[in-house]
Amino acid sequence: MEYAMFNLGRTESAGHDEIITDLIQHFPLPMFFKGKGKNDYVTNKTFDHLTGEHRLKTLRYLCSLNTTHTKKFELRLTDELGKSRDVIVYLSEIDESSGEKLGIIFDVSDQKKAKEAINRLKERYELATTGSNEGLWDLDIANGEVFYSQNFKKIVGWGMKPVQPKLESWLQSMFPEDKKRFVKALEAHIRGETPSFEIEHRIQTNHTLKWISARGKVTRNKEGKPLRVVGFISDITKMKEAQLALKESEEQFQLFMKNLPVGAFIKDQEGNFIFANRYLCEFFGVKALTGHNMKEIYTPEQYDAVLQKDKEVFLTGSSVSEEEMTNHLGEKRFFQVYRFIIHKDNRNFIGGIYSDITEQKKTQTKLNILAHYDLLTNLPNRALFLDSLKHSLSKARRNKSKIALMFIDLDNFKTINDTLGHDYGDILLQEVAKRLKSVLRAEDTISRLGGDEFTVILDDIKDNAYPSVVAQKIIDTLSQPIPLKDEVGYIGASVGIAIFPDDAKDLESLIKNADMAMYRAKEGGKNIYRYFTPDMNADAKERLELSNDLRSAVANNELRLYYQPIVDIRDNTLTAFEALVRWEHPKYGLISPAHFIKLAEEGGFMAKVGKWIIQKACRQINTMQEYDFHAKIAVNISSKQLTQNHLEQTLKTIVKESGVNPKYLELEVTESFLMENIDQVEKVLSNLRKIGIQTAIDDFGTGYSSLGRLKKLPISKLKIDKSFVDDIPKDKSDMQIASTIITLGRQLGLEIVAEGVETEAQAEFLAKQGCYLMQGYLFSKAIPEEEINSFIRTYAQ
């Protein structure tokens, strides 16, 4: 089909009309003209690409639309691939008598895209959006709660009225058909099916329709589990409704062009403006650009850049680029610029559209900060740390140099955070970041992985000893008191060091080994540093093997109880037993609890092991009473068990199911743990006392208890730690400590038990001080569970 040219109603400047016609043909949106004849049509390339083989059918349909009552039509057209596309068509009749019509099509099918990521803290997120036209939302996937910023509430029309912090509050404001699309797209992104969440939806607020653009990005933990989705919304109503209706004459079309919310221009090959709309004129602060050369408008730097882009267009025919321009007020703005060639009378002109993308750029910058930096400390986060480490490793491989990776874990941070509150914890972490920066080189990379874990990358180290110097500086500076408002915080640092390529050849191994060395530092007493050594790997593998085996130890009947008698030496009566658990491992033999209880706690199955021990002890109490032997059994409770909310209920259930009298069941808790968690423990022990279960403090003398704190605890017994008994009567200090503990216990009305009594001299001294309950090899070794009933029968006789 031949394309017919059309006349816009003015005859005084045919050449000018032809230029405008070329502009329409090169206009980036689909445009069409219906002339007087039946098949007298003009379309641009964009229209042809949109409609494909359906071009003529689509033209006839569009030109048949009745414009009596409206010139704006929302339609669904079929594109060249046969797919349906939603469009808005603005149609104007140029001459009603001749049937001439002019139309422009806006394709509204494609979704807008803006990358999104984040973190959770309200004040900091609000800061990221202050002064912008965007609203922040933050979905906590675990509990379904959503934080909505004030800008968000303003955009969706909620104002100051209370709104439930749930996703449903947002969904209820949407059009029903948009709600389904929104939920489907959000769920797909959380499942990892899309790189980012982006959707446009409509809301009805105060009897007004608004279009909202919503973007977001999911954040995951290191295992890949989705944690939250953080994003922005913006009001795009004006953009959606800013498509101006085409009028019936060239003057009206010119008005349309001048008032477009984007810049539009036509220049000749010498850079003279043939046409420029109002937007561009106002941007450059001039009444008109027509007749001016671009040298008069642009700065020298801008002119050189624009000239180069224009030259490229003359070679390629069209181009799209992002450019920074400065307006007449000196403000820098970012534009996406479309350039294309207009051919007329053997001359080439350049047409173009400037679309302002400054706000999108700002959003991208914010997203980059949210995605790669910890907002609390302004240090790189885990994602940026991994990128930095990859870069450092690549550089080290190229240069055949070494790097050191340091893992830093703060000692005592949890206590401060839990005791004083998260506000104090945040201040402490910010101060830690400052102190780390103060002792490191500018080229060293510090990151916060989360919580109280930090990393340091030392590039191009010449000496393997250098990281130890840095580590000691870190430990020294973090050991200094930290002012926290009206308090002072004291922390330490455990530092693990791994060297590339000595300790690891790849990123994953280097991270694992540095982390392993850090844990070895914590086990070694904290506030120290440790280099990675190969034996740590072997130990870790053995620990992993034992941890895996321990999960099935109860089911495989590999755990065994031993019972150590507690004797009253005044009449040589057996008053109680301490139940001691041992693990009979099929490969490693008998393993003491010192080696596997911590594994059970770390693995999260201590509750299962502890429940088994208590159940066995209760059954043994019942068996003893069948022999008319009434003695207590003391069971050691780990710190994890004592802080679990279900311990009290577990004990009630076991006592009820076993039918045992709870006064014969005693719990032993270490002094050091009690003192660290006294408020939490006091409540638990008080509740246990109410159901008849007594508590003893084990290893007393090692935990630095204060008398005031000790008085608060609902306990019935103190057990003198074996370390204070071993050297009696040779060590006068130990004798004095043991005597003091006995006096303290008696003054508090508590029973006193001495552990580890092995000689007559020890027993005689302790008895003289007033301690009559003892356990140890002098009286009996721990008795295996299969021999305990025989022991009791013999004793009872």
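Helices (H or I, at least four residues) and strands (E, at least two) are DSSP runs, numbered from the N terminus. By that convention, asparagine 151 lies in helix H5 (residues 150–155). The model is predicted, so local features need pLDDT of at least 70 and side-chain atom pairs count only at pLDDT 80 or more, while totals for chains, interfaces and linings use all residues. Residues are numbered from 1 along each chain as its sequence is written, and side-chain values use heavy atoms, with hydrogens and water left out.

**The chain as a whole**

- The protein chain contains 29 helices and 32 strands.
- Of its 797 residues, 48% are buried, where buried means under 20% relative accessible area, exposed means over 50%, and partly exposed lies in between (1.4 Å probe, protein chains only).
- Contact means heavy atoms within 4.5 Å; among contacts between residues at least 6 apart in sequence, 58% join residues at least 24 apart.

**Asparagine 151**

- Asparagine 151 has a relative accessibility of 21% and therefore counts as partly exposed.
- Asparagine 151 and serine 234 are separated by 83 residues in sequence, and their C-alpha atoms are 9.2 Å apart in space.

**Helices H16 and H17**

- Helix H16 (residues 422–439) packs with helix H17 (residues 466–479) at an angle of about 140 degrees, and their axes are 10 Å apart.
- This angle makes H16 oblique to H17; angles under 35 degrees count as roughly parallel, over 145 as roughly antiparallel, 65 to 115 as roughly perpendicular and the rest as oblique.
- Axes are lines fitted to C-alpha atoms, for helices over the stretch in contact, and angles run from 0 to 180 degrees between N-to-C directions.
- The contact involves Val432, Arg435, Leu436 and Val439 of H16, together with Lys473, Ile474, Thr477 and Leu478 of H17.
- By class, the residues of the contact of H16 with H17 are five nonpolar, one polar and two charged. Ala, Val, Leu, Ile, Met, Phe, Trp, Tyr, Cys and Pro count as nonpolar, Asp, Glu, Lys and Arg as charged, and the others, Gly among them, as polar.

**The five-stranded sheet**

- Five strands, in the order S17-S18-S16-S21-S22, form an open sheet with mixed pairing; two strands pair if DSSP finds at least two bridges between them.
- Strand S17 (445–450) and strand S22 (529–531) each have a single partner strand and stand at the edges, so one side of each lacks a neighbour in the sheet.
- From one strand to the next, the twist averages 20 degrees.
- S17 pairs with strand S18 (residues 453–461) in the antiparallel sense over five bridges, and arginine 448 has phenylalanine 454 in S18 as its bridge partner.
- H17 packs on this sheet, touching strand S16 (402–411), S18, strand S21 (492–500) and S22, and its direction makes about 165 degrees with that of S21.

- Five of the seven residues of strand S28 (residues 694–700) are buried.
- Strand S27 (residues 665–670) pairs with S28 in the parallel sense over five bridges; leucine 667 stands opposite threonine 695 in S28.
- S28 and strand S29 (residues 717–720) run parallel and are joined by three bridges, with lysine 717 in S29 as the bridge partner of alanine 696.

**Helices H27 and H28**

- The axes of helix H27 (residues 732–747) and helix H28 (residues 760–769) come within 9 Å and cross at roughly 40 degrees, and the two helices are therefore oblique to each other.
- Met735, Ala738, Ser739, Ile742 and Arg746 of H27 meet Phe765, Leu766 and Gln769 of H28.
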